[in-house]
Amino acid sequence: MKKFSFLLVVSLAVVFFSCDKSEDVIDVLNEDQVELNNTVKTVVASEELTEDVMLSVDYETDLFSFAQADFDEATTSTKCAVTERYCQFLNLWKRYKTDQLPDVSIEFGEVSRFPMTITINYGDSTVLNNGRVISGTIIIELTAAPCADGAVREITLDLVIDGIAIDGWKRIEYTGEKGVSKMFASTSELTFTFPDETTLFRSEDRTKEWVSGLDTKWDVSDDMIEIRGSVTCVDSEQNEYSKTIDAENPLVRIGTCRVIVSGLVIFTQNQIEFARLDYGDGECDNIATYTYVNDAGETVTEEIEIGIHLRLRDK
């Protein structure tokens, strides 16, 4: 394999933006009917936290995957072509704080550029401009350019983000039509280990589609991404449940916000609903609301702060 290593200096704009309610849910469980070893709020908040840290993982994966066209023999640590080319965008869309950049190494196929392997090493601590701290590695194996017909990315994660360890794999396949739509199908099996040493295993089956912004590669302000699908979860406290994105209200991300801005998620156990999480109406904030039925049979809606760790065993 041909190899080269360098501290890659690209902007967030370069990559990220280049190229029904379930019919099975027939009832709603009261809080005391759900077979959970924590409160509904704790379970919902913990799963939402994994969603939040995976946004950063997906951002990093897309960042370097879509920059692959600039990885060639002429792009090495001794030349500054990449820096010069994207200087104006770096000034506007810095991803990493100060000079804390991950170390990136590339392996090309023997005959052509592909298969290509991108290894991103964040070392003991790489700080994003939003304050999030990442350590560990992401390995991305690309069968072709990410938006080529049938292109697959096999991703191996061995990371810690803000004290939460993430281990496992994710597979992303391009299912769109080049030049017309930008859509990806993903599956994954990941284990999250929280600072209190509790764990959450998460199996994913989702789609992600850019619904606007495809024609403005360098302008993130008009980018919008919709996410659909479901995950199944089991944690070290033996809580088992599923989380399905409502078909009529997909999760929505926009290019100018680091958190999900809208969408409705339905939590179920044995195909019976026990909670809903609503990300809002499109405003970029860190507040969502969750709704459940308490043990008195009353419907309760409360606010929850996105990205807050609440996995504490109830006494």
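**Exercise 1. Aromatic pairs**

Task: How many aromatic pairs does a search of the whole structure find, and which geometry does the pair Phe184 and Trp210 have?

Solution. Step 1: the search of the whole structure gives 7 aromatic pairs. Rings of Phe, Tyr and Trp (its six-membered ring) pair if their centres lie within 6.5 Å; planes under 30 degrees apart are stacked, over 60 edge-to-face, and the rest tilted.

Step 1: for Phe184 and Trp210 the centres are 6.1 Å apart and the planes make 75°, an edge-to-face pair. Phe184 belongs to strand S8 (residues 182-193) and Trp210 to strand S9, so the pair ties together parts 26 residues apart in sequence. Helices (H or I, at least four residues) and strands (E, at least two) are DSSP runs, numbered from the N terminus.

Step 2: Phe184 and Trp210 are both buried. Buried means under 20% relative accessible area, exposed over 50%, and partly exposed in between (1.4 Å probe, protein chains only).

Step 3: the pair Phe267 and Phe274 is tilted, because its planes stand at 55°, with the ring centres 6.0 Å apart. Phe267 and Phe274 are buried as well.

Step 4: ring pairs also join Phe66, Tyr174, Phe184 and Trp210 into a cluster.

**Basis of the values**

The model is predicted: local features need pLDDT of at least 70, side-chain atom pairs count only at pLDDT 80 or more, and totals for chains, interfaces and linings use all residues. Residues are numbered from 1 along each chain as its sequence is written, and side-chain values use heavy atoms, with hydrogens and water left out.

**Exercise 2. The disulfide**

Task: Find which cysteines form a disulfide, and state its handedness.

Solution. Step 1: a search of the whole structure finds 1 disulfide (a pair of cysteine sulfur atoms within 2.5 Å). Cys257 and Cys284 form this bond, with their sulfur atoms 2.0 Å apart.

Step 1: the torsion about the S-S bond of Cys257 and Cys284 is about 85°, so the disulfide is right-handed.

Step 2: the bond links distant parts of the chain, 27 residues apart. Cys257 sits in the loop between strand S12 (251-254) and strand S13 (262-269), and Cys284 in the loop between strand S14 (272-281) and strand S15 (287-293).

Step 3: Cys257 is buried at a relative accessible area of 5%, whereas Cys284 is partly exposed at 45%.

**Exercise 3. Surroundings of Lys208**

Task: Is Lys208 buried or exposed, and which side chain does it join in a polar contact?

Solution. Step 1: Lys208 lies in strand S9 (residues 199-212). With 15% relative accessibility, Lys208 counts as buried.

Step 1: a polar contact of 3.0 Å connects the side chains of Lys208 and Asp62. Such a contact is a pair of N or O atoms within 3.5 Å; within protein, one must be able to donate a hydrogen and the other to accept it, and residues adjacent in sequence count only if both atoms are side-chain atoms.

Step 2: apart from neighbours within four places in sequence, Lys208 has contacts (heavy atoms within 4.5 Å) that include Asp58, Asp62 and Phe184.
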